[in-house]
Amino acid sequence: MRFLLTDEQREFARTLDGMLGASGTPAVVRAWAAGEQKPGRELWARVAAADVFALAVPERHRGMGPLPVELALSFVELGRHAVPGPLVETVAAAALLERLGEEAGAAGVWLPRIAAGDALVSLCAGAPYALDADAADAVLVVQGDTVRRTDAHGPVQPSLDPARRLARPLGGTVLASGPAVTAAAAHAVDVARLATAAQSLGLGRALLAATVAYAEQRTQFQVPIGSFQAVKHRLADTLIGLEFAQPLVYAAALALAAGAPSAGREVAAAKVAAGEAGYAAARTALQLHGALGYTEELDLSLWIRKARPLRDAWGTPADCRARVLAG
């Protein structure tokens, strides 16, 4: 298969990159980690104005989608700029509600709000904790063949990435139950894995670019450390991992868009490749920045600390490999 992004898709990605680059995301991430939601919600509104969330919502609910390829493009840029918040969870919740339709009695209420950026929705499926439950306007919890909505949650738990605020959802009202929930939840997990894979890819790209720039500037023995063969090899290996992951991410998006029977398997493969590549980029950045890489004051630390949680979110590498092998 030969796949190239269209000029419109590339321009969309460039526009989103430019907007996020001018948004001062490091300060937003630090505020979000401290529980200050206002800067994050303001950035969320700008992302929504770029129609990112509308890409996950069908036209009949005032969206533009679902458009998995464009959604993947968006999440590459969101990952590149380390945008905080339940981004993946919101688009996954949109996928769940869209598949359930009016059976859940909530699609007509929440999908237009998600498309417009008026609602942050966290989705918890197969995990004990919900992401950013304290900031979300609603939390959807899938347990077995039942989905419920809750606004209550337990205390926020510490995370490797301080901007990933985890809390256990409590109670709630049942929205729907039965086989339809199981099928819709499986689709929502695939969407979440695709978006997370794209985030990891963008994160890895940002980490590699920052590390290459640093290797060109820092000197030892009166020469840039980037001229050392061992450093070149480490950077090259990181680039190869990201380059190999990228076509898997877009192939998975195409399979999801076509509703192909292999979509779940392809999404899982993309999640493994992109998650591992992003994590490898973080390890490379940490090592080549030396002691500087361990400092919280360095903005790069905000990216480094996201890589491992993204690698494991919505399916660990072992889980996703098992999905690929299951066929």
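1. Glu276, Arg308, Arg311, Asp312 and Arg321 are joined in a network of salt bridges. A salt bridge here is a side-chain nitrogen of Lys or Arg within 4 Å of a carboxyl oxygen of Asp or Glu. By this rule the count is 15 salt bridges.

2. Some ground rules. This is a predicted model: local features need pLDDT of at least 70, side-chain atom pairs count only at pLDDT 80 or more, and totals for chains, interfaces and linings use all residues. Residues are numbered from 1 along each chain as its sequence is written, and side-chain values use heavy atoms, with hydrogens and water left out.

3. Helices are DSSP runs (H or I, at least four residues), numbered from the N terminus. Aspartate 312 is partly exposed at 27%. Arginine 308 is partly exposed too, at 34%. The scale is relative accessible area: buried is under 20%, exposed over 50%, partly exposed in between (1.4 Å probe, protein chains only).

4. Arginine 30 and aspartate 299 form a salt bridge at 2.7 Å, N to O. This pair links distant parts of the chain, 269 residues apart. Arginine 30 lies in helix α2 (residues 25-33), aspartate 299 in the loop between α9 (263-288) and α10 (300-312). Arginine 30 is partly exposed at 33%, and aspartate 299 is partly exposed at 35%.

5. Arginine 305 pairs with glutamate 296 in a salt bridge, with closest N and O atoms 3.3 Å apart. Arginine 305 is partly exposed, at 27%. Glutamate 296 is exposed, at 53%.

How values were computed:
Helix = DSSP H or I, 4+ residues; strand = E, 2+ residues; numbered from the N terminus.
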